[in-house]
Amino acid sequence: MRKYASWLLASTLTFAPMFAHAAVPAGDYVIGFVTDSTGPLAAAGQSFTHGAELAAAEITASNYVAPGAKLTLDIKEAAGDAARSIQDMHQFLADRRVIATSCCILSPIVNSVKPVIAEKLALVVYGATAPGLPSPPWVYSVTALPGPKDTETAATVAKALKPKTVAYFVSADNDAFKARMAAAEAAVKQTGATTAAVISVLGTDTDFTAPATQAMGANPDVIMVYTTQSPAVGIIAALRARGYKGAIVGNDVLAPAAMWKKIGAPLVGVPFPLSFSPDVNQSAEAKAFVAAYTKQYGNPPDLYSAQGYQAIWLIGQALHSMDGQPTREGVAAALAKQTGIDHNVYGGQAVKNGQAEVTGLTIVNWTADGTLAAWKAP
Amino acid sequence: MQLLLEQVVNGCAIGALYGLFAIGFGLVFATLGILNAAHGTYASFAAIAGYYAVVYLGLPFVPAMVLGVITGAVLAVIVDQIAFQPLRKRGAGMLGALITSIAFWMILDSLAGLATEQQSLSFPAGTYPTWIIMAGSVPLPAMQVIAIVSLVVVTVAIHWLITRSRLGAAMRAVGWNETAAQLGGVNPRLVILATASLAGATSGLAGVLGGISTNNVSFTLGEGMLLKGFAAVVVGGYDDVRGAAVAGVGLGVAEVLSAQYISTSMRDAITYALLLSFLVLRPRGLFGRTSFMRA
Amino acid sequence: MSMLLDWWAAYESTLAFAIVNAFFALSTYAVMATGILSFATVAFAAVGGFLGVQLLAQLGLPLWIVLPGSAVGGCAAALLVSVVFLRLESHWLALASLALILITRILVLNAPALTGGVNGLSVPVEAPFWLLLVLLASVSVGFWRLSVSWYGIAARAVREDPAVAGSLGIAPKTIQLIGFAISGAMGGLGGVLLAMTLQFVSPETYYIPVAFTMIAAVVLGGSYHWTGAIIGALVFTALPQIMQAVVPQVQNVANGLALLLIMIMLPRGLIDPRAWRIRRALRDARR
């Protein structure tokens with residue numbers, strides 16, 4: 001069924017423009033893919049990589065780029081380390097088969113590989129969330145930027161629950177989260193709620209009992225959490241363990257199924273905005289993606305898998321739009337012409353100034369049976 | 001006042017874990033002269049073993065904890081025998097052992113990552129005690145009480161062992177000078193195995209308790225403890241377990257209170273400023289003896 | 001030919017990192033040669049690195065000022081630190097130098113005007129490969145001259161037995177102070193070269209992993225001869241790249257095992273002057 005669906009999809013996408021120009025010749029097209037599948041970011045890193053692998057396999061199987069054209073990933077490990085990412089990129093530069101690259105979960109690492117590949121090799125960022133990373137025609141990002149969605153979610157929840165005071169948790173060592181929290185706080189203030197406390201935590205923190213005690217000491221009506229993944233789940237678990245009964249607002253780091261498996265019950269009813277989830281996204285592409293991914297890797301995809309998947313589909317689409325032998329410059333120029341990703345799991349994905357944008361806002365929460373459902377104001 | 005008391009309790013509970021971890025780290029350093037970079041991985045593996053015992057074998061909390069502690073001890077002995085014993089035989093000194101411990105750190109961290117599929121796991125709710133004692137208006141959650149009691153018991157027991165028992169005398173003798181101890185009729189092999197397993201067991205205990213109370217069972221658990229335990233050893237001094245215990249609790253309380261009343265971003269600065277001033281002003285730790293001299 | 005060029009392009013950056021690590025290893029070797037285990041090189045590298053980046057980016061100074069400037073900065077930091085460190089007994093010194101790395105990171109994080117804070121700074125100038133090679137060659141000449149000088153002999157005596165060295169009229173603390181000064185200069189230079197090779201610096205650039213890398217490089221290569229530091233840095237930098245190509249699934253386990261095996265087989269490192277002397281003596285005896 002899935003094969004049929006993707007074949008149908010691929011054929012409509014492929015054959016329509018095929019008559020317009022001569023396609024890319026058959027051959028082996030290699031994308032250099034820097035992964036962080038070990039080290040501190042390993043969990044997310046594996047999701048990104050699995051999504052990308054699946055996209056490459058689908059593009060090849062459906063002859064999407066051109067009949068007989070094979071898209072392969074050359075995956076090199078960087079373990080979240082800037083120096084190793086740079087070395088990997090240098091190896092891709094030297095490998096003449098590599099026509100485009102994809103990398104990076106951490107924004108500082110994107111900044112340090114950018115000068116390496118500058119003007120030589122196109123890069124599609126799959127995971128780093130800092131705004132302003134893309135610079136066409138060489139650097140693109142398919143990361144679903146969470147900032148604007150956080151602000152909307154905070155405002156929506158504040159309007160529904162009408163809190164008088166709100167306490168915030170923020171990752172003090174992460175500028176992206178600091179900006180997200182500041183924007184959310186401003187939106188909440190417009191609804192008339194005051195700030196009871198801002199509690200900062202660090203990415204490497206492990207104990208959250210004391211910060212939870214601090215937040216509860218400020219006696220807020222709602223607690224909003226803008227931190228990286230392990231602090232976010234730690235904070236929510238600690239708040240509930242210490243008996244906090246009020247509302248908590250989270251962010252998209254709570255979405256992976258592994259987080260439910262890890263923390264469980266304390267997450268129930270915590271609203272957060274979401275770009276992708278197998279439970280919520282129900283388009284034909286999304287269903288096909290979920291089914292294929294689950295079959296291949298034994299667990300359903302998460303928002304990170306979706307981003308890895310879209311990164312490779314964006315490159316595939318650029319190749320598909322070209323005719324003649326693709327060069328590195330040609331791929332970059334073709335990427336610059338893409339205004340959206342046609343094959344996407346979100347139900348719409350425009351590309352503006354090198355940044356792919358996910359349209360629409362979905363606020364979800366975990367339910368007691370371990371699935372995600374659209375959040376409803378109580 | 002209420003908040004202050006609650007935070008002091010929180011600080012003591014975190015500090016108890018630092019202290020437990022630091023005792024083992026300091027013990028190996030003082031007796032065997034090894035700066036063991038792999039010490040944190042014992043904690044990670046103990047927590048992972050405890051987790052699997054609870055989730056897959058369905059063991060209750062106490063046996064799972066014991067299993068974790070044994071895992072820590074066994075691992076410490078294996079690492080010692082593979083990584084340190086060959087060097088010891090050749091008299092290669094502290095440097096070689098540091099490097100082989102780094103090697104084991106790389107290996108075990110990577111294996112721990114594979115064992116949890118690179119995820120950070122948590123003990124499921126209901127597999128560990130969650131009762132709360134009310135001391136007046138201050139809540140004392142079970143895991144915090146267990147951590148603090150464990151630290152007190154372990155510190156008293158090991159301090160007694162080292163200062164009063166024959167094994168302890170032998171350990172001190174080996175720490176002073178291994179050759180001289182051997183001439184005096186001490187079996188250094190036995191002392192080495194006892195020290196390694198004791199250190200692994202305390203690290204394992206800290207790992208299981210820390211894995212539960214911080215919702216983090218993964219290879220990052222040990223790494224975090226390694227830095228904090230290391231700080232506790234520097235402040236407390238490595239030749240006395242009481243120092244490591246007191247310093248661990250002190251660091252925990254200082255951390256929590258500075259985050260509450262000053263700022264989170266200054267929290268680590270305060271911890272390490274404390275560390276620096278101890279190094280400059282009292283460079284042998286809290287209970288250090290100025291006459292201590294290593295051969 | 002084109003294959004060779006491709007290979008070179010692919011591994012040039014690995015070799016560049018190996019050379020940068022060689023400066024760090026030499027810095028660690030400089031103090032180890034006087035009998036001190038210190039991780040403080042990372043802190044000197046941070047001083048040299050951030051100082052150099054500021055000189056390059058803010059003042060736009062040329063390299064021939066920036067590189068010596070960073071070395072002097074590292075050297076000054078080393079002299080300052082050694083005043084406290086040399087009062088400590090050897091085990092404490094090792095612990096204190098680790099603590100210094102942690103403290104340095106906090107300082108770097110809390111001085112965003114100079115260091116860019118958590119976001120780090122990008123570095124506008126890349127270190128050309130020939131420059132790294134020339135610098136390493138000239139530093140090597142320096143270390144070779146030192147090793148055969150009075151200082152080199154005095155340092156060996158202090159390392160073997162400070163008390164005996166003292167009775168021979170060598171002041172151990174002075175020798176160790178000089179060792180720290182050399183270490184600081186090498187660390188500072190390595191710091192700015194690392195920044196220029198990465199083209200980006202952040203608090204994580206100069207942190208615990210670098211410390212363990214350089215210590216492992218020195219001991220692996222052989223801590224009894226200055227060439228050991230360079231060889232060790234080369235091996236230790238190339239190892240992850242090789243393991244990635246050979247056994248990608250368990251590369252970290254393989255790295256660790258390789259390190260473990262080398263240390264157990266050759267506890268004095270790959271370059272071991274004593275083994276050479278023994279071999280030469282045996283050969284002479286047979287003659």
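In this predicted model, helix 2 (residues 39-55) of chain B packs against helix 8 (residues 188-213) of chain B, with axes that come within 7 Å and cross at roughly 55°. Helices here are DSSP runs of H or I with at least four residues, strands are runs of E with at least two, and both are numbered from the N terminus. Axes are lines fitted to C-alpha atoms, for helices over the stretch in contact, and angles run from 0 to 180 degrees between N-to-C directions. Helix 2 and helix 8 of chain B are therefore oblique to each other (under 35 degrees counts as roughly parallel, over 145 as roughly antiparallel, 65 to 115 as roughly perpendicular and the rest as oblique). The crossing of this pair, helix 2 and helix 8 of chain B, is right-handed, a label used if the near helix is turned clockwise from the far one by less than a right angle, with anticlockwise being left-handed.

On the helix 2 side of chain B, the residues involved are H39(B), Y42(B), A43(B), S44(B), A46(B), A47(B), G50(B) and Y51(B). They meet G200(B), S203(B), G204(B), A206(B), G207(B), V208(B), G210(B) and G211(B) in helix 8 of chain B. Contact means that the C-beta atoms of two residues, placed from the backbone, lie within 7 Å. By class, this contact between helix 2 and helix 8 of chain B has 7 nonpolar, 9 polar and no charged residues. The nonpolar class holds Ala, Val, Leu, Ile, Met, Phe, Trp, Tyr, Cys and Pro, the charged one Asp, Glu, Lys and Arg, and the polar one the others, Gly among them.

Chain B also touches both other chains described here. With chain C, 33 residues of chain B are in contact with 31 residues of chain C. On the chain C side, helix 4 (90-109), helix 10 (208-221) and helix 12 (251-265) of chain C are the elements that give two or more residues, and helix 4 of chain C gives the most, with 10 residues. That side of chain C has 24 nonpolar, 6 polar and 1 charged residues.

With chain A, 24 residues of chain B are in contact with 26 residues of chain A. Helix 1 (2-32), helix 4 (93-115), helix 9 (219-236), helix 10 (241-261) and helix 11 (264-281) of chain B each supply at least two residues to the side of chain B that touches chain A. The largest share, 6 residues, comes from helix 1 of chain B. By class, the side of chain B that touches chain A has 6 nonpolar, 17 polar and 1 charged residues.

Turning to chain A, 4 strands form an open sheet in the order 7-6-8-9, with parallel pairing; two strands pair if DSSP finds at least two bridges between them. Strand 7 (194-201) and strand 9 (247-249) of chain A stand at the edges with a single partner strand each, so one side of each has no neighbour in the sheet. The twist averages 20° from one strand to the next. Strand 6 (residues 165-171) and strand 7 of chain A pair over 7 bridges in the parallel sense, and F169(A) stands opposite I199(A) in strand 7 of chain A. Helix 7 (residues 209-217) of chain A packs on this sheet, touching strand 6, strand 7 and strand 8 (222-226) of chain A, and its direction makes about 170° with that of strand 7 of chain A. Helix 8 (residues 229-241) of chain A packs on the sheet too, touching strand 6, strand 7, strand 8 and strand 9 of chain A, at about 160° to the direction of strand 8 of chain A.

Another open sheet in chain A has 3 strands in the order 10-13-14, with antiparallel pairing. Its edges are strand 10 (272-273) and strand 14 (372-374) of chain A, each with a single partner strand, so one side of each is left without a neighbour in the sheet. Strand 13 (residues 363-366) of chain A is joined to strand 14 of chain A by 3 bridges, and V364(A) has A374(A) as its bridge partner in strand 14 of chain A.

Two backbone details turn up in loops of chain A. A cis peptide bond, with omega of about 5°, joins P136(A) and P137(A); P137(A) lies between strand 4 (122-125) and strand 5 (139-141) of chain A. E119(A), not a glycine, has a positive phi of about 60° and is found in the loop between helix 4 (107-117) and strand 4 of chain A.

As for confidence, chain B averages a pLDDT of 87, and 95% of the residues score at least 70; pLDDT is the predictor's confidence in each residue, from 0 to 100. Within chain B, confidence is lowest in helix 11, at a mean of 78, and highest in helix 2, at 95.

Residues are numbered from 1 along each chain as its sequence is written, while chains are lettered from A and ligands numbered from 1 in the order in which they are written. Because the model is predicted, local features need pLDDT of at least 70 and side-chain atom pairs count only at pLDDT 80 or more, whereas totals for chains, interfaces and linings use all residues.
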